[in-house]
Amino acid sequence: MIKRIVVGIVGLIILGFIVLLLLAWEGRIEPQSPPSADSFSQEQIDRGQVMAGIGNCQICHTTDPDQPYAGGLAFETEFGTLYSTNITPDPESGIGQWSQEAFNRAMREGVSRDGSHLFPAFPYTHFANVSDGDLEDLYAYMMTREAINAEPPENTLRFPFSIRMLQAGWKLLYFDGATLEENASRGEYLAEGLGHCSACHTPRNSVGAEADGQDYEGALVNGWFAPALSDNHSTPVGWTEDELFLYLRNGVSIYHGVAAGSMADVVHQGLVEASDEDIRALARYFHTVTGGSDAAQAGSQAARAIRTAQERSAGTLSRGEELFTYGCASCHYNNPDEPSIMRPDMSLNSAVTADDPTNLIRFTMEGISDEAGIKGVVMPGYADWSNGDLVALFTFLRETHTDRPAWDNLEQRIQALRDNAGNGKE
């Protein structure tokens, strides 16, 4: 009897393995010669350039500015490090031998031309929503880039996460294909398709899928904290449609500060390709996602937050207050009723109000360059300040400029970011 049970269990395991193999098997699409540039119209290539910008393709697939789209950018995950692939039309190391069919399958199903499964760090879960026409334009643009022969480093994922076949099981559990309704707005189509905005702004579960029921609740991604964009956002001022447009178009907002870190790349390298109409569509969509305010509400919310922060600050004699007064206030002090876009107020800034202090630590230590936020305005870095002084400053800001609870383990977080910077990591 026991022998029969054991044989039955072994049989089920073997059968399950066979079923998994069948599910995991994807056919190889035959290679083709790279298409010539004159296979595509200039109008199609131009449209593809816009799509590539909205999708932030160059940002994720470029490490050397002189070799755009040649891949090699590291993505640190809980399972190890992934490196972006070469998506230039090089026939050996890139996608030069890929047909439109192979390109579409990779974008929509997460399957490479050779039939291997792609890891979901490549956001095919969003690209499944992209239309045929936009994929054809994007393919035309990519196939007319300079072909660069460059092999990215090998991924260093831990076993068993390195087994691509297992992605078939992941897809069964977490990949639903195209998810947008036919009547989706232009803004929703861009955000949830090529823009893949929730891929960064939504927490992940234990196996790397976007967590159910936590859309746009904020997440730590590749060394930066993508703040919450849901109606549970931490900032004291709700987003207005006009502020969203200004931020996505120019990287700056009166009531929310400047785009820096990863978001600066999104705005200044990616969305710069998009039309005002598409930026407005995105702003309109995220105004609903955030449960945003109107202009009058935003003004009163900002005035109240700034005035409260100033009143609280006046009653302290701490080391943090001293550091802020002499190191920060000259650039970050505002009239509550007329906050300046050139002088972001810390009481309105998500780096101060967020549940995670990463952005505030990095902005303070590394500064903000002319390539981010407001053009022509830079912020110096204060990495030479001691950990103790930085803790004092951040504690002061958190206590006086927000109603949020204190951050835990601030000094350890600061030191960890120092160590990562010293190792060339973010």
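A: Beyond its neighbours within four places in sequence, S99 is in contact (heavy atoms within 4.5 Å) with I29, Q32 and Y139. This is a predicted model, in which local features need pLDDT of at least 70, side-chain atom pairs count only at pLDDT 80 or more, and totals for chains, interfaces and linings use all residues. Residues are numbered from 1 along each chain as its sequence is written, and side-chain values use heavy atoms, with hydrogens and water left out.

S99 lies in the loop between β2 (80-83) and α4 (100-109); helices (H or I, at least four residues) and strands (E, at least two) are DSSP runs, numbered from the N terminus. From S99 to Q32 the C-alpha distance is 6.5 Å, across 67 residues of sequence. S99 counts as buried because its relative accessibility is 12%; buried means under 20% relative accessible area, exposed over 50%, and partly exposed in between (1.4 Å probe, protein chains only).

Turning to the cysteines, a disulfide is taken as a pair of cysteine sulfur atoms within 2.5 Å, and the count by this rule is zero. The closest cysteine sulfur to that of C57 belongs to C60, at 8.1 Å, so the two are too far apart for a bond. C60 is likewise in no disulfide, the nearest cysteine sulfur being that of C200, 7.3 Å away. C57 is buried at 12% relative accessible area, whereas C60, at 25% relative accessibility, is partly exposed.

As for the surface, L173 belongs to helix α7 (residues 167-174) and is exposed, with 64% relative accessibility.
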